[in-house]
Each structure stands twice: as structure tokens, then as C-alpha cells.
Amino acid sequence: MKTVTEGTTLWTPTEERIQRSSIKRYMNWLKEKKGLAFETHQALWNWSVEHLEEFWESVWEYCEIKSAAPYRCVLEERKMPGAKWFPGATLNYAENVFRNERSDRPALLFRSERVPYREVTWKELKEKTAAVASALKKIGVKPGDRVVAYMPNIPETVIAFLACASIGAIWSSCSPDFGAGSVIDRFQQIEPAVLFAIDGCQYNGKEFDKRPIVDELRKKLPSLKKTILLPYLRKNEQERDDSILLWDEIIQEKAELSYEYVPFDHPLWILYSSGTTGLPKPIVQGHGGILIEHLKTLMIEQNITKESTFFWFTTTGWMMWNFLIGGLLVGAAVVLYDGSPTYPDGNALWELAEKARITHFGTSAAFINICMKHGIKPKESYDFSGLEAVLSTGSPLTAEGFLWVYENVKDDICLVSCSGGTDVCTAFVGGSPMLPVRAGVISCRALGAKVQAFDENGNPLINEVGELVVTEPMPSMPLFFWNDSNHERYMSSYFDTYPGVWKHGDWIKINEEGGCIIYGRSDSTINRAGVRMGTSEIYRVVEAIDEVLDSLIIDLEMMGRTSFMPLFVVLNPGAVLDEALKEKIRQAIRQNVSPRFVPDEIYQVKQIPKTLNGKKMEIPIRKLLLGFPLEKAVNPGSMANPESLEFFMELSAKLENNVKHQ
Ligand SMILES: CC(=O)CC(=O)O
């Protein structure tokens with residue numbers, strides 16, 4: 001693997017390119033319409049976070065947001081949580097999508113492992129959305145009711161979502177790689193009225209029959225009035241009772257699309273993020289907040305226009321799906337892909353990039369690492385003449401990953417490594433076509449996101465690693481968590497450490513130029529390629545296995561190291577950790593959680609390190625395995641079983657050697 005020094009400049013935009021970038025156009029507009037002139041991106045960012053109300057109002061005007069009733073003011077109170085944005089305004093997300101309807105370009109482009117390539121026109125998208133909206137209304141779905149989907153990343157899922165948004169119902173989805181238990185844990189909390197589901201799907205060349213899971217969901221979700229089934233795997237073999245409607249039947253209906261105008265803070269969707277304990281947190285985000293945040297990011301910051309073709313490799317279980325669909329708000333053609341990114345080989349997505357003439361290719365750092373490890377050189381086989389930007393998220397992209405993109409994809413593109421979270425359904429930090437790209441460094445903080453690195457006492461740090469915090473409200477922050485009426489869970493998720501300041505749970509370093517490096521999670525949540533899972537969800541499955549007595553799982557993803565997620569198990573007397581038991585554990589996680597969370601290695605240990613009151617010591621062990629000295633990682637005095645550390649200290653030394661020799 002070719003190495004490169006962190007911070008090496010790999011790309012500098014030409015003056016011509018800066019001038020035609022969307023951010024420059026927005027800056028020119030600010031100058032002309034508001035008399036505000038900014039020389040640099042940093043100056044613009046400073047203004048955007050100091051003059052929040054002016055900034056977000058300018059986004060509303062510049063992006064020409066369509067609303068039914070005007071707002072009384074931009075921000076009623078600057079506080080977190082509880083900021084009330086654009087009170088008085090009523091609007092609808094779906095209307096802001098369909099205002100872009102046109103006949104000369106498709107709305108969606110789609111490929112799956114089974115479907116070679118298909119385009120969906122704006123007309124088809126609108127007609128089918130209208131038909132599904134009408135079916136939902138006939139079922140009795142009202143504004144505020146929940147509509148859930150167990151569907152892959154296919155056009156039908158986008159249609160179902162837009163239909164749901166158009167009538168003011170609340171959308172929520174889990175991707176079919178989630179096992180029944182994980183889906184039930186999420187959907188049961190929000191009592192859905194309707195379930196959209198597929199009968200099965202294909203991944204990595206293998207067919208998966210999902211009917212048993214769909215049956216289980218229907219049994220365990222008593223609030224369901226109907227299930228709308230899409231026979232995706234086997235077209236003609238569906239057994240059904242009256243509570244199941246078939247997709248093909250409901251889309252036959254001719255209906256007019258109309259919009260339920262809802263307040264700016266009316267819930268649009270519920271996303272899930274896992275903490276370290278308890279069930280996944282159902283995060284509610286609003287029509288207006290998402291609309292304005294996604295327009296700001298895509299249309300102003302990322303140069304996505306009506307002529308762009310925007311792709312992100314994602315499943316419907318990751319917030320990047322929700323973000324990708326935001327491309328329709330700008331009027332871009334959105335590219336969907338369903339399947340393994342490496343099926344039949346590592347060129348699948350690059351081939352799609354050529355075929356669909358993708359201008360903005362979004363992926364995860366994990367995918368770039370796979371391409372790098374497999375020596376894939378897409379530029380030798382494909383024509384990327386229209387490609388303007390490669391975007392990466394999910395985990396920090398290493399300096400070598402940056403270099404790989406410039407050497408093997410295209411040398412004249414803006415590479416955007418970005419990081420944010422499900423909690424805000426956007427990026428806090430990212431890139432800009434007006435800024436140079438430096439290896440391993442995220443170019444800037446997002447406009448309107450007052451991101452800082454804080455020390456333990458809440459002092460801002462420059463050039464030192466600290467907690468990623470956001471000190472001013474953002475419109476896409478959660479409205480609330482479902483079933484959390486007194487905001488207890490919401491408060492403890494972000495505001496426990498620094499009152500009134502959002503602590504995100506990532507380590508970040510910010511330099512004087514505004515460039516950022518993310519160093520991974522500062523808590524013990526597992527984050528595999530962007531999808532978060534609480535450790536408790538994995539313990540539940542692993543510890544249900546007869547042979548397993550206790551367990552500990554640690555995510556060792558950190559900048560400069562390959563992602564490595566070891567699982568430690570204490571076995572019952574007489575049990576042996578042989579290959580058969582390891583496979584049994586992996587299989588249990590694969591089926592009940594998701595294949596994504598199968599550990600990289602399983603180790604047998606005598607004891608799990610615990611605190612005096614019996615809590616598993618995830619963060620201290622993570623620190624130890626990441627190479628922190630013992631005294632900085634663990635306080636043995638607070639432990640019930642300090643002798644359990646010996647194994648982890650030895651392992652830490654071995655992992656250090658591995659890393660040095662990578
Ligand atoms: C933008 C993001 O934050 C994506 C992720 O890493 O989950």
C-alpha cells in the first residue's frame with residue numbers, strides 16, 4: 001500500500017472551478033442581495049454560526065423553499081434542546097421534491113444484483129407516489145401515524161416514503177439485512193399502522209427468503225392495519241390474507257397527488273441510533289429541519305444541481321439513504337443500488353458510475369479501503385469524464401484512502417470526506433469545491449454547524465484532540481425521541497457532559513484553517529461503516545447461546561487503523577471455543593442483529609472486566625486496546641476484578657505490533 005503524509009495537498013481547485021461552484025454562487029448572491037461579502041470559506045462559516053438566524057433565512061430564500069404559510073421568525077429561542085425553527089411556516093417535504101418535476105431527465109436511476117439498469121421518470125415517480133398515498137389514506141393512515149418499511153434500496157421504497165411524507169404520516173425503515181429481533185426492537189416502539197415489506201432479496205449472489213421475518217413482524221406489531229407486500233424475489237408465489245395488499249395492485253389506481261401542509265417541526269421520519277444501553281433510540285426529525293439542512297448541504301455546499309446525478313452506496317437502514325433521497329429536493333437524478341457493493345466483484349459500483357454518468361459518487365471509507373486492498377483501478381476500465389466529486393463517510397478516510405481515490409479514480413475531482421450522524425441526518429464536517437483537499441483531513445466544518453473540540457472542562461481546543469461538540473442549534477437536530485415525553489433520554493444522550501451543548505460522542509481535532517480529523521467514537525457504541533449498534537443488542541444475542549456466560553464487544557475503529565471489532569466471551573464450564581462454537585456465535589449475530597456486526601475475532605477470556613457495581617468496562621478496555629497506557633485507560637481501584645486486565649494488556653501489546661507492521 002502506497003503511503004502519504006497526512007496533510008499533503010492532493011487537489012487544489014482552479015479559479016475557474018471555484019467561480020462555477022455552487023458555494024461561490026451562493027456567496028455572490030449574499031453579496032448582491034444582502035450586502036455580505038466573504039473572502040474565504042472560513043469567514044463564511046464564522047458568519048453562518050454567529051448569525052444563525054440570518055444564515056438560515058438566507059438558505060430558505062436562496063433555495064426557494066416552497067411553503068403554504070410563511071414563518072413568523074427564523075428561530076424563536078437559541079437553546080438546545082428545544083430550539084423552535086421557523087414557527088408559523090407550514091410546508092411539505094414531498095411538495096418540495098415534486099416542484100422539480102421535469103420530462104427531460106429521470107428522477108431515479110436504479111440497479112440491483114438482479115435488475116441490470118432501470119430509469120424512473122419524474123412522471124412515473126409522481127403517479128406511483130399519488131397511488132400509494134391514496135392507498136395509505138384508504139387504509140386510514142392519518143398525519144402523525146407511523147408507516148414502516150422492511151424494504152431494500154429500490155425505487156418502490158422511495159415512492160412509499162414520498163407517499164407517506166405527502167400525507168404527513170411518519171416514515172421509518174429497517175433494511176432487510178436486519179434480523180427480526182432488531183427490526184422488532186425498533187418498530188415495536190413506534191406502533192406502526194402500515195408495513196411495507198418485500199418477500200425476499202438477493203445479496204452477494206445469494207437469495208434470501210424474508211417471508212418468515214415478515215410473518216414474525218406482522219405477529220409482533222399488533223398496531224398494523226395492513227401490510228403492503230412487494231414480491232421482489234418471487235413475483236408470482238405470494239400467499240396472503242386480507243391484511244396483505246400487493247404493491248402491484250395498489251399502484252394501478254389513478255390518483256392526484258396532494259400535500260398535507262404541516263408545521264415546520266412536524267415529524268417526517270424516525271431514525272434509530274443505538275446507545276450503550278437499552279433499546280435503540282427512536283430519533284424523530286422534522287419536515288422543515290431536514291428539508292432546509294439537506295438543501296443547504298447538497299445545493300449550496302456540495303455543488304449538486306438539477307443537472308447532477310447523485311449516488312451514495314447505502315442501505316435503507318442507514319441515514320445516508322435519507323440523505324441521498326435529499327438529492328430529489330434539488331432536482332438531481334438520484335441513483336439507487338441494491339446489493340453487495342462487491343458483487344460480482346469490486347468493480348460493480350464503478351461500472352454503475354460510468355453507466356449512470358454519476359457526477360457525485362458517495363460511498364463509505366470501508367468501501368474505499370476494500371478497493372485499495374484489492375488493487376482495484378477503476379480509472380483504467382471506466383470513463384468518469386462527468387465525475388465531479390467522490391464523497392466518503394461512515395468512518396474516517398485515511399490519508400492513503402485519499403491518495404487511492406486521486407490515483408485510481410480521477411485526479412481532478414473534489415474528494416469530500418465527511419462525518420456527522422444519524423442524530424442530525426447530515427454531516428457536521430465535510431468538504432467544499434472551493435477548498436484544497438489534504439490527505440486524511442476533512443476540509444471544513446459545515447455551514448451553520450458550530451462544531452468545536454472541547455476538553456473535559458468545556459474549553460475549546462485547536463490542534464488538539466477533544467470531544468466533538470456543537471454549541472448552537474441546528475434545524476435537523478432531533479425534535480424528540482419517541483416515547484421520551486420528559487426528554488430524559490434525549491438530554492442524557494447529548495447534553496449530560498456540557499449543559500446546553502451537544503456532545504456528539506466522537507473525538508475530533510480542528511486546525512487553524514478549519515480542517516478536521518475525526519478519531520472515532522469517544523463512547524463505546526459500535527459503528528460499523530456508519531451504522532451504529534449498541535453493544536447491549538449484541539450481548540443479548542451472544543449471551544443467549546447456551547455455552548456463553550458473559551461477553552464484551554469493542555469497536556476498535558480509529559483513524560489510521562483498519563476497523564477491528566473483537567468479541568470476548570466467558571464460557572460455561574466444559575464449553576470450548578472451537579470453530580463450531582465460533583460459527584454458532586457468528587451465525588446468531590448474523591441472523592438476529594445483522595451480518596454487519598459479526599465480530600472480526602472471538603477470544604475466550606476468564607472474566608469480563610467489571611466495575612465495582614458490575615458494569616462492563618467497555619470504554620477503558622477500548623482505550624487499552626487502542627494503545628493508551630494502562631494508567632490512562634483504566635482505574636483498577638474502581639474494578640471488581642482487576643486481575644481480568646492481564647489478558648487485555650497482553651492482547652493490546654500484540655495488536656500494537658500488528659498495527660506497526662501493517
Ligand atoms: C454523515 C455521517 O455521519 C454518516 C455516518 O458516518 O454515519
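A: Start with polar contacts: a polar contact is a pair of N or O atoms within 3.5 Å. Keep in mind that this is a predicted model. Here, a polar side-chain atom of Thr393 lies 3.4 Å from an oxygen atom of the ligand.

Q: Which residue has a polar side-chain atom 3.2 Å from an oxygen atom of the ligand?

A: That's Trp318. The backbone can take part too: a polar backbone atom of Gly394 is 3.3 Å from an oxygen atom of the ligand.

Q: Which residues are around the ligand?

A: For this, look for residues with a heavy atom within 4 Å of the molecule. Among them are Met319, Met320, Ser419, Thr426 and Gly530.

Q: Now helices. How do α8 and α9 cross?

A: You compare their axes, and an angle under 35 degrees counts as roughly parallel. The axes of α8 (residues 180–190) and α9 (residues 211–220) cross at roughly 30° and come within 10 Å, so these two helices are roughly parallel to each other. Their crossing is right-handed. On the α8 side, Ala180, Val183, Ile184 and Gln188 make the contact, and α9 brings Ile213, Glu216, Leu217 and Lys220. By class, that's five nonpolar, one polar and two charged residues.

Q: And what about α2 and α3, which way is their crossing handed?

A: It's left-handed for α2 and α3. Their axes come within 12 Å and cross at roughly 60°, so α2 and α3 are oblique to each other. Ile23, Tyr26, Met27 and Leu30 of α2 meet His41, Leu44 and Trp47 of α3. This contact has six nonpolar residues, one polar and no charged ones.

Technical notes: Residues numbered from 1 in each chain as written. Predicted model: local features only at pLDDT ≥ 70, side-chain atom pairs only at ≥ 80, totals over all residues. Heavy atoms only, no water. Axes fitted to C-alpha atoms, helices over the stretch in contact; angles between N-to-C directions. Helix = DSSP H or I, 4+ residues; strand = E, 2+ residues; numbered from the N terminus. Parallel < 35°, antiparallel > 145°, perpendicular 65-115°, else oblique. Left-handed = near helix turned anticlockwise from the far one by under 90°. Contact = heavy atoms within 4.5 Å. Nonpolar A, V, L, I, M, F, W, Y, C, P; charged D, E, K, R; others polar. Polar contact = N/O pair within 3.5 Å; in protein donor to acceptor, adjacent residues only side chain to side chain.
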